[in-house]
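Please examine the model shown below.

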Amino acid sequence: MARLDKSRTSSHQLRPFFTSQNLLNRADGSAQFDFGGTSVLCSVVGPAEVKIRDEKLDKATLEVLARPLVGVPGVKDKTIEQNIRETLEPLVLSGLHPRTLLQIVVQTMQDDGCVQSTAFNATMLALIDAGVPLNSILGSVTCMIDRKTNQVLLDPTREELAQAKSTHVFVFDNKAPPAQSKGDEDDVVMEDGDRVEGHVLFCESTGVFTEAEYFECYQVCYKGVQTVHGFLRTAVQKKFEKEHQQLQD
Amino acid sequence: MKETEPSNNEREFLLQALKDGHRIDGRKFYDFRTLRLSFGSEFGAVEVQLGNTRVLAKVSCEVVRPYTDKPTEGFVHFNTEMSPMASSTFEIGKQTNEEILVSRLIEKALRRSRAIDTEGLCIVAGEKVWSVRVDIHFLDHDGNLVDAACIAAITALMHFRRPEIVVDNGEVTLLSIEEANPVPLSIYHIPICVSFAFFNKGQHVIVDPTYLEEQVKEGDMTMTLNIHKEVCALSKAGGISLEMDQILQCTRIAVVKVTELTEQIQAALDADAKKRNISRRK
């Protein structure tokens with residue numbers, strides 16, 4: 001089945017990724033993440049001085065600001081802010097920096113669908129760049145179900161999203177799937193050996209869909225996220241290799 | 001977060017270097033930092049890098065009803081809210097003095113100098129006009145936000161194309177990019193800001209100050225000129241007093257800088273137009 005996005009042949013194909021890290025001079029860490037025509041820039045400052053009102057005695061305060069490309073921040077941006085903050089809170093080892101502030105600013109640079117997923121990935125790279133201690137790495141992709149064909153499309157463009165019956169944003173961590181792990185207690189072992197299972201950190205679905213469709217989206221996104229995780233890993237690795245080389249010169 | 005002052009050592013080093021005729025980043029006194037312009041995939045999206053300073057401008061438009069006393073005039077709005085991304089001294093919902101100054105300067109330079117033809121934005125008099133909105137996002141602050149923002153805004157406006165319209169008996173239809181070629185805005189002239197900083201009681205004048213230089217400076221002045229050697233705006237908000245001759249000398253420097261920058265902007269726009277395979281109206 002052909003997609004509206006002519007550059008892709010398969011419905012489960014992701015757009016090309018691009019990332020650039022440590023590109024801002026004033027922030028402690030920064031990263032840009034692109035999914036094809038969608039681009040998000042994220043900056044991280046911290047640990048920094050916190051307002052007494054927001055101070056937490058036993059851990060760092062997380063502050064996320066999302067800035068839209070056009071206009072003043074609205075409800076949509078506030079939702080993204082809250083989603084990112086609440087997903088990151090268990091991920092960041094904030095107990096290591098009590099009474100400090102970790103400020104994250106997410107700026108949309110180009111919008112061609114899936115801004116939230118792009119923002120999640122950009123934030124993750126920026127946090128790594130800032131050297132913030134984390135207990136795992138997240139990766140995110142979005143998928144949608146087409147209104148006419150009922151097909152699951154991974155990483156839709158803005159044009160494709162206009163035809164969506166429902167959209168699903170998934171965030172997974174990078175812990176190994178239970179098929180490969182040694183059966184940790186908290187891993188859910190599936191009866192069906194072929195089905196992969198990851199830890200869902202965040203999921204937001206809008207629109208009308210059935211239970212079966214939801215689980216199909218879940219599977220598709222999980223497979224998509226593995227590519228994202230691989231890419232994030234390579235990106236960070238390349239950055240460290242480059243830094244190491246510069247140190248030796 | 002509070003701004004941290006530079007240390008005495010840094011300050012003295014910078015001032016001593018200026019006395020010896022050097023700037024700490026190796027530039028000459030009247031040199032701009034390297035300007036880099038990159039365009040987004042859509043029309044009207046430009047990222048400007050002036051050394052380490054980064055500004056993103058995005059132009060968008062919508063159809064609105066004009067004011068009754070000016071039925072044929074469209075609108076041009078500038079949004080220059082600064083986020084803590086540029087520098088953690090900026091806070092959301094709390095404007096700093098610097099922020100107000102920058103946004104007023106941009107308004108003066110681009111809107112009040114009538115660089116954009118607002119009458120050309122009229123669709124049906126008294127009924128429908130275009131409202132053009134320029135969102136300026138400050139991404140990284142390494143001094144001279146005004147010049148970078150001004151370049152970003154005017155380049156984005158020149159890069160922008162609005163959808164073609166068809167008016168039939170007062171019925172307005174917007175045509176998509178596939179149906180008709182989008183139309184560029186009509187721009188009368190290209191105002192460019194050039195900022196100066198003064199040190200040692202006005203003895204040393206530098207162009208395009210960095211963040212550190214801005215913190216140490218004794219006074220500043222921003223001139224807005226166009227390539228026709230017309231002064232569009234001049235802003236000297238406080239700082240040390242200047243001799244008349246100094247201001248005239250600054251104007252002469254600014255003329256040269258504006259010519260250089262305008263050429264650079266034109267070249268970047270031409271290169272982008274060539275890549276998109278469209279002709280650019282001069």
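The following paragraphs describe a predicted model, beginning with the interface.

**Interface of chain A and chain B**

The size of an interface is often given as the accessible area lost when the parts come together. Here, chain A and chain B bury about 2,300 Å² between them, and carbon and sulfur atoms account for 56% of that area. Of the area that chain A buries against chain B, 27% comes from Arg26(A), Arg67(A) and Leu69(A), more than from any other three residues. In terms of contacts, 28 residues of chain A touch 28 residues of chain B.

Polar contacts between chain A and chain B amount to 11 residue pairs, counting those in which both residues have pLDDT 80 or more. On the side of chain A that touches chain B, the elements giving two or more residues are β3 (38-48), β4 (61-67) and β5 (101-110) of chain A. The largest share belongs to β5(A), with seven residues. By residue class, this side of chain A consists of 15 nonpolar, seven polar and six charged residues.

**Salt bridges**

Side chains of opposite charge can pair when their charged atoms come close. Over all chains, the structure contains 27 salt bridges, and two salt bridges are found across the interface of chain A and chain B. Two salt bridges that involve Glu42(B) are listed here.

| Salt bridge | N to O distance |
|---|---|
| Arg158(A) with Glu42(B) | 2.9 Å |
| Lys58(B) with Glu42(B) | 3.0 Å |

**Helix packing in chain B**

Two packed helices are described by the angle between their axes and the distance between the axes. For helix α3 (residues 145-159) and helix α5 (residues 244-276) of chain B, the angle is about 35° and the axes are 11 Å apart. The crossing of α3(B) and α5(B) is right-handed.

On the α3(B) side, the contact is made by Ile151(B), Thr155(B), Met158(B) and His159(B). The residues that they meet in α5(B) are Leu261(B), Ile265(B), Gln266(B), Leu269(B), Asp272(B) and Arg276(B). Taken together, the residues of the contact between α3(B) and α5(B) comprise five nonpolar, three polar and two charged.

Definitions and conventions:
Residues numbered from 1 in each chain as written. Chains lettered and ligands numbered in written order. Predicted model: local features only at pLDDT ≥ 70, side-chain atom pairs only at ≥ 80, totals over all residues. Heavy atoms only, no water. Contact = heavy atoms within 4.5 Å. Buried area = accessible area lost by both parts, 1.4 Å probe. Salt bridge = Lys/Arg side-chain N within 4 Å of Asp/Glu carboxyl O. Polar contact = N/O pair within 3.5 Å; in protein donor to acceptor, adjacent residues only side chain to side chain. Helix = DSSP H or I, 4+ residues; strand = E, 2+ residues; numbered from the N terminus. Nonpolar A, V, L, I, M, F, W, Y, C, P; charged D, E, K, R; others polar. Axes fitted to C-alpha atoms, helices over the stretch in contact; angles between N-to-C directions. Left-handed = near helix turned anticlockwise from the far one by under 90°.
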